[in-house]
Amino acid sequence: MGAQRFINEFKPANKVFNLLAYLQFQLQYSVAKLRDWKDSQSPAKDPVPPARLRHRVHGNLSRASYLEVGRNVAKDIADLCRIAGRDFYSFTDILDFGCGCGRVIQNFRDPAKPCNLYATDIDPDLVSWGKSNLSDIRWSVNSHHAPSPFNDNSFDLIYCVSVFTHLDEDLQHEWLRELQRIARPGSTLILTVHGGHHIGALDASYRNEIRQRGFLYITSAEGRLKLDGLPDFYQSTYHTKEYIHKVWSQYFDIVDYVERGINNDQDAVLLRKPKREESTLG
């Protein structure tokens, strides 16, 4: 057992490790709030959520990094649409599933373009900030479990960044079925996963486990020591490319798998809902 697995699975070590991380975060958070106050004295070009919400979405307290990564991911989404044979703005109804505060979708706002932008997330605080600061997007809160608040066949483009990187296998199947329901026949979907780049950073015992199953869900911090403020079920998940092709193809056609296709970090899975629906997992 490597050090990484020991810390995750040996409870006393896990508590000490996460307590130290919590104390370090509180210090960094205090500094970030002070910087936010100083920055608030000058008008900002782009709206940026407060430090606590920024960290929940971004895993980082930096305002500059929040905006930069949002722009990078939006560019990558547009590039992936082109791989699928479409321009981003050729879609009519576009959903950012797991939108956070709108870090990505805010970069697609363009009054000259006719598409409708939708954003949904499980966190009401993130959605509330988005509604107040990015009013030209149609916001909603969805439950941890399906169904979402949308009708069948609502969207011709759905992208989902850093959501399936955190859910256990049962929830993944539940939400794949739901995305299949709300996507229109022939629609494009872009979902991200922790692939080979992230798997290579795991302990050898974890790597051996994921080679056998193709899927790995690791639980670390919980409760007050969970720094992102998200529910305890929201942990760290890893997929092999082979697993994606075997399992996700039961819901969608797999158009492409782009390693490190999102911000040179997470792998991007480019999917299409068949125009003629076929039977899938029930």
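**A close look at one aspartate**

Tutor: The protein chain is divided into domain 1 (12–42) and domain 2 (50–273), with bounds that come from an automatic or database domain assignment. This is a predicted model, in which local features need pLDDT of at least 70 and side-chain atom pairs count only at pLDDT 80 or more, while totals for chains, interfaces and linings use all residues. Residues are numbered from 1 along each chain as its sequence is written, and side-chain values use heavy atoms, with hydrogens and water left out.

The residue to look at is Asp267, found in strand β9 (residues 266–272). Strands (E, at least two residues) and helices (H or I, at least four) are DSSP runs, numbered from the N terminus. Asp267 is buried and has no salt bridge. Buried means under 20% relative accessible area, exposed over 50%, and partly exposed in between (1.4 Å probe, protein chains only). A salt bridge is a side-chain nitrogen of Lys or Arg within 4 Å of a carboxyl oxygen of Asp or Glu. The nearest side chain of opposite charge belongs to Arg260, 6.4 Å away; Lys and Arg count as positive and Asp and Glu as negative, with His and the chain ends not counted.

Arg260 does meet Asp267 through its backbone: the side chain of Asp267 reaches the backbone nitrogen of Arg260 at 2.7 Å. Leaving aside neighbours within four places in sequence, Asp267 is in contact (heavy atoms within 4.5 Å) with Leu191, Thr192, Val193, Gly195, Gly196, Tyr257, Val258, Glu259, Arg260 and Gly261.

Next comes the loop between β8 (253–262) and β9, where Asn263 is placed. Asn263 has a positive phi of about 55° although it is not a glycine, and it is partly exposed, with a relative accessible area of 29%. Asn264 lies in the loop between β8 and β9 as well; it too has a positive phi of about 55° without being a glycine.

The end C-alpha atoms of residues 95–191 lie 12 Å apart, and the span is 25% helix and 29% strand.

Note on methods. A polar contact is a pair of N or O atoms within 3.5 Å; within protein, one must be able to donate a hydrogen and the other to accept it, and residues adjacent in sequence count only if both atoms are side-chain atoms.
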